[in-house]
Amino acid sequence: MRIKLLAVGTKMPKWVETGYQEYAQRMPNLCALDLIEIQAKKRGKNADTSRILRDEAIALQDAVPKGAFTIALDRKGKHISTEDLAVHLQTWIDESQDVAIMIGGPEGIAPEFLTTVSTKWSLSAMTFAHPVVRVMLAEQLYRAWSINANLPYHRGD
């Protein structure tokens, strides 16, 4: 199974690339994490945000691998714990289910696209800059895998 992280935005700061790669390369081949960057549409003073979000949603949708379970990160999505993520990850591995996790741009993901995904998750009640979410999600996926592999990395309850 493969996990595709589909993220709007390219040319991230070096610390984002370094942080993401740190955790992505720790993931075993059994559940490899691949980043697919989606070009963000140009935003300006009088930008048509609805159109931008629709265009980015089309690009996200086009990048989803056929048959993948789709998860959109959205502030109104379901809150899950690290332990819940570990259970999901093990299920995907056991079922050889490819997964596509989507991170929107600065304004999120188009509402009409959110109705087409398998599920929506929220990482927190707080709002994070979308580049930070790449690093956080990669770390949480590695942490979930380490829980399932009984590694000492996770020292939660």
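Helices and strands here are DSSP runs, helices of at least four residues and strands of at least two, numbered from the N terminus. The model is predicted.

**Exercise 1. State how many helices and strands the chain has, and give their order.**

Step 1. Count the elements. The chain holds 5 helices and 5 strands.
Step 2. The order is β-α-β-α-β-α-β-α-β-α.
Step 3. Check the overall build. The radius of gyration is 15 Å, close to the 15 Å that the globule rule gives for 157 residues, so the chain is as compact as a globular protein of that length.
Step 4. Along the principal axes, the C-alpha atoms fill a box of roughly 50 × 30 × 30 Å.

**Exercise 2. Describe burial, surface, contacts and charge for the chain as a whole.**

Step 1. Take burial. Of the 157 residues, 43% count as buried.
Step 2. Take the surface. The accessible surface comes to about 8700 Å², and carbon and sulfur atoms hold 50% of that.
Step 3. Residues 24 or more positions apart account for 84% of them.
Step 4. Take the charges. There are 19 positive and 18 negative side chains. The centres of the two sets lie 6 Å apart.

**Exercise 3. Find which elements supply the largest nonpolar core, and which residues touch the most other members.**

Step 1. In soluble globular proteins, nonpolar side chains tend to be buried together.
Step 2. The largest nonpolar core has 28 residues, and Ile3, Met27, Leu33, Leu89, Trp92, Ile101 and Leu141 touch the most other members.
Step 3. Trace the suppliers. At least two residues each come from strand S1 (2-8), helix H1 (14-24), strand S3 (69-79), helix H3 (82-94), strand S4 (99-103) and H5.
Step 4. Pick the main supplier. H5 gives the largest share, 7 residues.
Step 5. Look closely at Ile3. Leaving out residues up to four places away in sequence, Ile3 touches Met27, Cys31, Ala32, Leu33, Asp34, Leu89, Val99, Ile101 and Leu141.
Step 6. Look beyond this core. Another core, of 16 residues, lies apart from it; Ile38, Leu60, Ala72 and Ala100 are among its members.

**Exercise 4. Decide whether Arg143 is buried or exposed, and list what Arg143 touches.**

Step 1. Arg143 sits in helix H5 (residues 130-148).
Step 2. Recall the cut-off. Buried means under 20% relative accessible area.
Step 3. Apply the cut-off. Arg143 has a relative accessible area of 19%, so Arg143 is buried.
Step 4. List the contacts. Not counting residues up to four places away in sequence, Arg143 touches Thr82, Tyr153, His154 and Arg155.

Key. Residues are numbered from 1 along each chain as its sequence is written. This is a predicted model: local features need pLDDT of at least 70, side-chain atom pairs count only at pLDDT 80 or more; totals for chains, interfaces and linings use all residues. Side-chain values use heavy atoms; hydrogens and water are left out. The radius of gyration is taken over C-alpha atoms; the globule rule is 2.2 Å times the number of residues to the power 0.38. Buried means under 20% relative accessible area, exposed over 50%, partly exposed in between (1.4 Å probe, protein chains only). Contact means heavy atoms within 4.5 Å. Accessible areas come from the Shrake-Rupley method with a 1.4 Å probe; for residues, only the protein chains shown count as cover. Lys and Arg count as positive and Asp and Glu as negative; His and the chain ends are not counted. The place of a charge is taken as NZ of Lys, CZ of Arg, CG of Asp or CD of Glu. A nonpolar core is a set of buried Ala, Val, Leu, Ile, Met, Phe, Trp, Tyr and Cys residues joined through side-chain atoms within 4.5 Å.
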